[in-house]
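The stops below are given in the order in which they may be selected.

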Amino acid sequence: MGLYVPEQRITNDYFLNVNGLTSDWIEQRTGIKSRSKCSPDENIDTMGISAVENAAEHLPYDIKDVDLIVAAHYCVYDSVATLAHKVQRKFGIKGAKAVYASSACSSFINGLEIVEGYFASGKADKALLVCSEQNTYYSNEADPKSGHLWGDAAVAFFLSKERQSDSDIKILNIYTEGLGDIGKGPDGVRLRPKEDGITMPDGRDVFIHACRYMIHALNRSLEQAGLEKSDIVKYICHQANKRIVAQVAHQLDMSIDNFINNIEELGNTGSASAALVLAQNHEKLNKGDKVALMVFGGGYSCGCFIVEK
């Protein structure tokens, strides 16, 4: 696993003169104190490539052995020349399949499922999944509903069909589900670059369904893996709003101390967020620890994957 987070942090105080929201108001309602933001010479592609470079430092095989590259995210720098193809060119991964997939904030987990399908069909053995979200490239900071939420970051996972070393983290289960037929569905969160960028017109609808369906995805994933909630050492939610995390913890009758977060510092880093939290904290886990990662995305969509160190 590898990651890249821009150095720049935009604190809540910045938004008072931009959209009229005070620092306390933002923190009380979102849990966000600052958010990461790309510098002018950074973009979706540069962050994704940096995350791959970070992951490749400990790769137990040649990166050119990768036979599948999946870019899974919703922010794109170029919708024709995808990040998957940029990575293939940068690292000279000749002959690999290269695809791009998007399912809002559950994109990363859907990307895992795509890799799982390629492995199961025998069409790939070693994959690279990269997710890069530059939300600030699209966001309208003056929007008082969501302009203050967004952060930028990238994460990359190398995945193999067979175990490569004793330190490999094993993915026990992957579950995803499209939810376009519930609530506001496709109108809950939008990204229309030519019109108003990335927006969240009805945050309450997103909040209600995020809390419900992240737990739904968790329960389905646990069931498929033959596990109980008591088997899980730590939980990671999509980092959209810390109040959502608190509500999920409450509904699961758990302390929020069981949840790992980075939203306070980085803001909502989109579909990279949950995997990013894992990449930042995996060295703190003990051998045999199981972690469940739950997401909810615009569209709507949800997903969960469970890993064991």
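Select Glu-195 to begin: at 58% relative accessibility it counts as exposed, where exposed means over 50% relative accessible area, buried under 20% and partly exposed in between (1.4 Å probe, protein chains only). Its side chain meets that of Arg-192 in a salt bridge, 3.7 Å from N to O; the term denotes a side-chain nitrogen of Lys or Arg within 4 Å of a carboxyl oxygen of Asp or Glu. Arg-192 is partly exposed, with a relative accessible area of 36%.

The model is predicted, so local features need pLDDT of at least 70 and side-chain atom pairs count only at pLDDT 80 or more, while totals for chains, interfaces and linings use all residues. Residues are numbered from 1 along each chain as its sequence is written, and side-chain values use heavy atoms, with hydrogens and water left out.

**Further salt bridges**

The structure holds seven salt bridges. Select Arg-9 and Glu-265, whose closest N and O atoms are 3.0 Å apart in one of these bridges. Because Arg-9 belongs to strand 2 (residues 9-11) and Glu-265 to helix 8 (residues 263-266), the pair ties together parts that are 256 residues apart in sequence. Helices (H or I, at least four residues) and strands (E, at least two) are DSSP runs, numbered from the N terminus.

Next, select Glu-264 and Lys-242, a salt bridge with its closest N and O atoms 2.4 Å apart. This pair links distant parts of the chain, with Glu-264 in helix 8 and Lys-242 in helix 7, 22 residues apart. Glu-264 is partly exposed at 22% relative accessible area, and Lys-242 is likewise partly exposed, at 26%.

**Helix 6**

Select residues 203-225. Helix 6 has 23 residues and reaches 32 Å from its first C-alpha to its last, close to the expected 33 Å; the expected span is 1.5 Å times one less than the number of residues.

**The nonpolar cores**

A nonpolar core is a set of buried Ala, Val, Leu, Ile, Met, Phe, Trp, Tyr and Cys residues joined through side-chain atoms within 4.5 Å. In the largest, of 42 residues, Met-214, Leu-218, Val-248, Phe-259, Met-294 and Phe-296 touch the most other members. Helix 6, strand 11, helix 7, strand 12 and strand 13 each supply at least two residues of this core, and the largest share, nine residues, comes from helix 6. A second, separate core of 30 residues includes Leu-159, Ile-236, Val-277 and Ala-279.

Centre the view on Met-294. Not counting residues up to four places away in sequence, its contacts (heavy atoms within 4.5 Å) include Met-214, Leu-218, Tyr-235, Val-248, Phe-259 and Cys-304.

**Two loop residues**

Gly-188 lies in the loop between strand 8 and strand 9 (190-192). At 0% relative accessibility, Gly-188 counts as buried. Beyond residues up to four places away in sequence, Gly-188 touches Thr-199, Met-200, Pro-201, Asp-202, Val-206 and Tyr-300.

Asp-143 lies in the loop between strand 6 (126-134) and strand 7 (152-160). Which side chain of opposite charge is nearest to Asp-143? It is Lys-145, 6.7 Å away, and Asp-143 is buried yet has no salt bridge; Lys and Arg count as positive and Asp and Glu as negative, while His and the chain ends are not counted. Leaving aside its neighbours within four places in sequence, Asp-143 is in contact with Asn-19, His-148 and Thr-199.

**Helix 3**

Finally, select residues 44-56. Helix 3 has 13 residues and reaches 18 Å from its first C-alpha to its last, close to the 18 Å expected. Its buried residues, among them Ile-44, Met-47, Ala-51 and Val-52, belong to the set that packs against strand 1 (2-4), helix 4 (83-91), strand 6 and strand 7.
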